[in-house]
Amino acid sequence: MRIIFMGTPDVAVPTLERIIEAGHTVEAVFTQPDRPVGRHQTLMPPPIKRAALAHGLPVYQPAQIKTDEVRQQFLAVAPDVAVVVAYGRILPPWLLEIPRWGCINVHFSLLPKYRGAAPVNWAIACGETETGVTTMQMDAGLDTGPILLQKSCSIEPDETAPELAARLAVIGAELLVQTLALIEQGAITPQAQDHSQATLAPILKREDGLINWQMPAQHIHNRIRGFQPWPGAWTIFNGQRLIIWGANVVSADQPDERERAQRDAVTAPGTIVHAGKERLVIQCGDLSLLQIEELQLEGRRRMKTRDFLNGIRVDAGMQLGH
């Protein structure tokens, strides 16, 4: 099968590699332009560009996808199918119609749930215990096209978004190859989505990461795992931004007696109820407790709680979020 591949981040790489391994011919790779990275703003190629060049594939990086130049490039290739994995732009209707069998998207959710740009992040942040991958025949809507194949998987209790995304990328690569094989055989029937069951997973904003300590500890724990690597789950400590990278919910029925006394004595969620040696415990909503395991004060390195407490004075009764 002759394919145009469209993708950008790390999660798209396993699918490109698997397509090549399966013996398909990748005629061209479209990805986002190189971006400046780091303090020195050095231009860095996206992961898909590096993978494509390693295989000697032609790479195109248009700043805009809705141009006549891109249309002519697609018409010149006349692909059987275009495979799209986290490309980063909405495709115009005319492009969807050029490939013989259309454009196939690998989406990292069980559609119609979590349509949009950040399905992995929002699935974890919302406390889901199951997610999956969908291959979908793209149409002009936002992830609204008919479903080709789906495969589900569990979300582990402490799994972060980057960890889950890496697993789904491998699952999606295999699912896409299965989808292409069935398309070639004429053995697949697209299934319309139940739009009444749709939920959205919009692109993340910095303010999404601001911790609301009124939430129960489990909800905050979910957001700490889900909002990685960006924007992170963050709060304000001594006037500075503090990112929480790792935490555990303290069992409600067996807290330390001193923590229990302090927790019962205070009323404001966000209050530090224990700070000493290796433990930092915060009161959350519904009288729940969250033990911080890893954190990063703005402008400093990411560190374990033990190292943080050795370098900065933190006392019980101090308030986070102000």
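**Figure 1. Contacts across the whole chain.** Among the contacts in the chain with a separation of 6 or more, 65% join residues 24 or more positions apart; a contact here means heavy atoms within 4.5 Å. This is a predicted model, in which local features need pLDDT of at least 70 and side-chain atom pairs count only at pLDDT 80 or more, while totals for chains, interfaces and linings use all residues. Residues are numbered from 1 along each chain as its sequence is written, and side-chain values use heavy atoms, with hydrogens and water left out. The chain has nine helices and 15 strands; these are DSSP runs numbered from the N terminus, with helices (H or I) of at least four residues and strands (E) of at least two. Along its principal axes, the C-alpha trace spans about 70 × 45 × 30 Å. Of the 322 residues, 50% count as buried. Buried means under 20% relative accessible area, exposed means over 50%, and partly exposed is in between, using a 1.4 Å probe and protein chains only.

Figure 2. In soluble globular proteins, nonpolar side chains tend to be buried together. A nonpolar core is a set of buried Ala, Val, Leu, Ile, Met, Phe, Trp, Tyr and Cys residues joined through side-chain atoms within 4.5 Å. The largest one in this model has 46 residues, and Phe5, Leu16, Val29, Phe108, Trp122 and Leu168 have the most contacts inside it. Helix H6 (residues 161-185) gives this core its largest share, 10 residues. Apart from it lies another core, of 24 residues, including Ile220, Phe308, Leu309 and Ile312.

**Figure 3. A close look at leucine 16.** Which residues does leucine 16 touch, not counting residues up to four places away in sequence? They are Phe5, Val26, Val29, Ile48, Ala51, Ala52 and Leu57.

**Figure 4. Helix H7 and its cover.** Helix H7 (residues 217-226) is largely enclosed by the rest of the structure, because seven of its 10 residues are buried. The buried residues are Ala217, Ile220, His221, Asn222, Ile224, Arg225 and Gly226. Their cover includes helix H5 (119-125), H6, strand S10 (233-237), strand S11 (240-250) and strand S14 (289-297).

**Figure 5. Cysteines without a bridge.** How many disulfides does the structure hold? It holds zero, where a disulfide is a pair of cysteine sulfur atoms within 2.5 Å. For cysteine 153, which is in no disulfide, the nearest cysteine sulfur is that of cysteine 126, 16 Å away. Cysteine 153 is buried, with a relative accessible area of 11%. Cysteine 103 is buried as well, at 0% relative accessibility.

**Figure 6. Serine 154 in strand S9.** Serine 154 is found in strand S9 (residues 147-154). Setting aside residues up to four places away in sequence, serine 154 touches Thr129, Glu130, Glu159 and Arg167. Serine 154 and threonine 131 are 23 residues apart in sequence, and their C-alpha atoms are 6.2 Å apart in space.

**Figure 7. Threonine 305 in helix H9.** Helix H9 (residues 305-311) includes threonine 305, which counts as buried at 2% relative accessibility. Beyond its neighbours within four places in sequence, threonine 305 is in contact with Glu278, Arg279, Leu280, Ile292, Glu293, Glu294 and Leu295.

Figure 8. Most residues other than glycine have a negative phi, and most peptide bonds are trans. In the loop between strand S7 (103-107) and H5 sits proline 112, and the peptide bond from leucine 111 to proline 112 is cis, with omega near 15 degrees. Tyrosine 114 lies in the loop between S7 and H5 and has a positive phi of about 60 degrees although it is not a glycine; at 8% relative accessibility, tyrosine 114 is buried. In the loop between H7 and S10 lies proline 229, joined to glutamine 228 by a cis peptide bond with omega near 0 degrees. Asparagine 238, in the loop between S10 and S11, has a positive phi near 55 degrees. Asparagine 238 is exposed, with a relative accessible area of 52%.
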